[in-house]
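Thanks for taking a look at this one with me.

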Amino acid sequence: MPDERITWTDCPTCGDRAAVGWQIDRGPDGGLQEAPTTFDCNSGCTMTDLQVIYWFGGRGPGGGPARPR
Ligand SMILES: [Zn+2]
């Protein structure tokens with residue numbers, strides 16, 4: 001069941017507060033994987049999907065902070 005959460009970060013473009021939406025899925029190994037899906041800056045900056053992944057999703061395939069269990 002897909003889930004989603006929001007984190008706040010500094011906008012890479014203007015430095016204001018920005019919300020990043022993460023989609024949370026279970027990977028093939030059962031671990032949780034997060035992928036950045038949306039970006040919403042308080043000042044109205046926009047990002048393409050590729051930019052969002054570049055700034056927030058540079059963890060690489062198969063890696064990531066998911067804890068083994
Ligand atoms: Zn901004």
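Predicted model: local features only at pLDDT ≥ 70, side-chain atom pairs only at ≥ 80, totals over all residues.

1. Let me start at a turn. In the hairpin of strand 1 and strand 2, six residues lie between the strands, and Gly 15 there takes a positive phi near 85°.

2. Residues are numbered from 1 along each chain as its sequence is written.

3. On confidence, pLDDT is the predictor's own score for each residue, from 0 to 100. The protein averages 83, and 80% of the residues score at least 70. Confidence is lowest in helix 1, with a mean of 89, and highest in strand 2, at 92. Please treat residues 60–64 separately: pLDDT stays under 50 there, and the model has two contacts for this stretch beyond four places in sequence. A contact means that the C-beta atoms of two residues, placed from the backbone, lie within 7 Å.

4. Now the overall layout. The protein has one helix and three strands, and from the N terminus on they run β-β-β-α. Among contacts between residues at least 6 apart in sequence, 28% join residues at least 24 apart.

5. The three strands form an open sheet in the order 1-2-3, with antiparallel pairing. Strand 1 (3–10) and strand 3 stand at the edges; each has a single partner strand, so one side of each is left without a neighbour in the sheet. From one strand to the next, the twist averages 30°, an angle between N-to-C directions on a scale from 0 to 180 degrees, with axes fitted as lines to C-alpha atoms.

6. The pairing can be followed residue by residue. Two strands pair if DSSP finds at least two bridges between them. Strand 1 and strand 2 (residues 17–26) are joined by eight antiparallel bridges, and strand 2 and strand 3 by nine. Glu 4 stands opposite Gln 23 in strand 2, and Gln 23 in turn has Ala 35 of strand 3 as a bridge partner. Ile 6 is partnered with Gly 21 of strand 2.

7. What makes up the largest nonpolar core? Seven residues do: Cys 11, Ala 18, Val 20, Phe 39, Cys 41, Met 47 and Phe 56. Strand 2 and strand 3 are the elements that give two or more residues to this core. The term covers buried Ala, Val, Leu, Ile, Met, Phe, Trp, Tyr and Cys residues joined through C-beta atoms within 7 Å. Of the 69 residues of the protein, 12% count as buried. Buried means 20 or more other C-beta atoms within 10 Å of a residue's own, exposed means 12 or fewer, and partly exposed lies in between, with C-beta atoms placed from the backbone.

8. Is Ala 18 buried or exposed? Ala 18, in strand 2, counts as buried because it has 21 C-beta neighbours inside 10 Å. Beyond four places in sequence, Ala 18 touches Thr 9, Asp 10, Cys 11, Phe 39, Asp 40, Cys 41 and Asn 42. The C-alpha atoms of Ala 18 and Trp 8 are separated by 5.6 Å, although the two are 10 residues apart along the chain.

9. Trp 22 also has its place in strand 2, but counts as partly exposed because it has 17 C-beta neighbours inside 10 Å. Setting aside neighbours within four places in sequence, its contacts include Glu 4, Arg 5 and Thr 7, as well as Glu 34, Ala 35, Pro 36 and Thr 37. The C-alpha atoms of Trp 22 and Phe 56, 34 residues apart along the chain, are separated by 9.6 Å.

10. Last, a loop residue. Thr 46 lies between strand 3 (32–41) and helix 1 (49–56).

How values were computed: Helix = DSSP H or I, 4+ residues; strand = E, 2+ residues; numbered from the N terminus.
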